[in-house]
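Here is a friendly set of notes to read alongside the model. Please keep the 3D view open as you go through the points.

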Amino acid sequence: MIVISGTINLDPANAEAAYSATSTLVAATRAEPGNITYEYTRDHEDAGYWRVFEEWEDQAAVDAHMAAPHMAEFMGLMGGLGITGVDISTYQVDTKTKFM
């Protein structure tokens, strides 16, 4: 399994536009083959701080997602949101066990 996790910082004045863009992206991505979990969440106290969390069956599913038309559209929209920082990492996970 591939896990992608991290943060995006953007101009808080653009939080509603970011919410609209991520809502569309999340809906389309969750329907993709190989997607397990896909979330963009806004911080409760800082509207410009967003957390990204994704789980994928394999790298082929991630590659297909990155080439999807809805991902290209999203990337175009993100360019106008005043992004000031991105820190997203990919993890190869061999096992997953329930914690709670």
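1. Let's begin with the largest pocket, which holds about 220 Å³ of space. It is lined by 15 residues, and those closest to its centre are Y40, M71, F74, M75 and I88. Do keep in mind that this is a predicted model.

2. Which elements build that lining? At least two residues each come from β1, β2 (35-42), β3, α2 (59-66), α3 (69-78) and β4. The largest share belongs to α3, which gives four residues.

3. Next, please look at strand β1, which spans residues 2-10. Is this strand mostly covered or mostly open? Seven of its nine residues are buried, so β1 is mostly covered, taking buried to mean under 20% relative accessible area.

4. With strand β3 (residues 49-56), β1 runs antiparallel, and eight bridges join the two. Within this pairing, S5 stands opposite F53 in β3. β1 also pairs with β4 in the antiparallel sense, here over nine bridges. On that side, I4 stands opposite T90 in β4.

5. Finally, turn to the surface. I83, V86 and I88 make a nonpolar patch of about 240 Å². V86 sits in strand β4, which covers residues 83-92. Why does V86 count as exposed? Its relative accessibility is 54%, and the cut-off for exposed is over 50%, so V86 qualifies.

Definitions and conventions:
Residues numbered from 1 in each chain as written. Predicted model: local features only at pLDDT ≥ 70, side-chain atom pairs only at ≥ 80, totals over all residues. Heavy atoms only, no water. Patch = residues over 30% accessible without salt bridge, like charges linked within 9 Å, V, L, I, M, F, W, Y side chains within 5 Å. Areas by Shrake-Rupley, 256 points an atom, 1.4 Å probe, with all protein chains shown as cover. Salt bridge = Lys/Arg side-chain N within 4 Å of Asp/Glu carboxyl O. Buried < 20%, exposed > 50% of the residue type's maximum accessible area, 1.4 Å probe, protein only. Pairing = 2+ DSSP bridges. 1 Å grid on protein atoms, 1.4 Å probe; cavity = no way out; pocket = protein on both sides within 12 Å on 5 of 7 lines; lining within 4 Å. Points joined across faces, edges and corners; volume = space filled by probe spheres on them.
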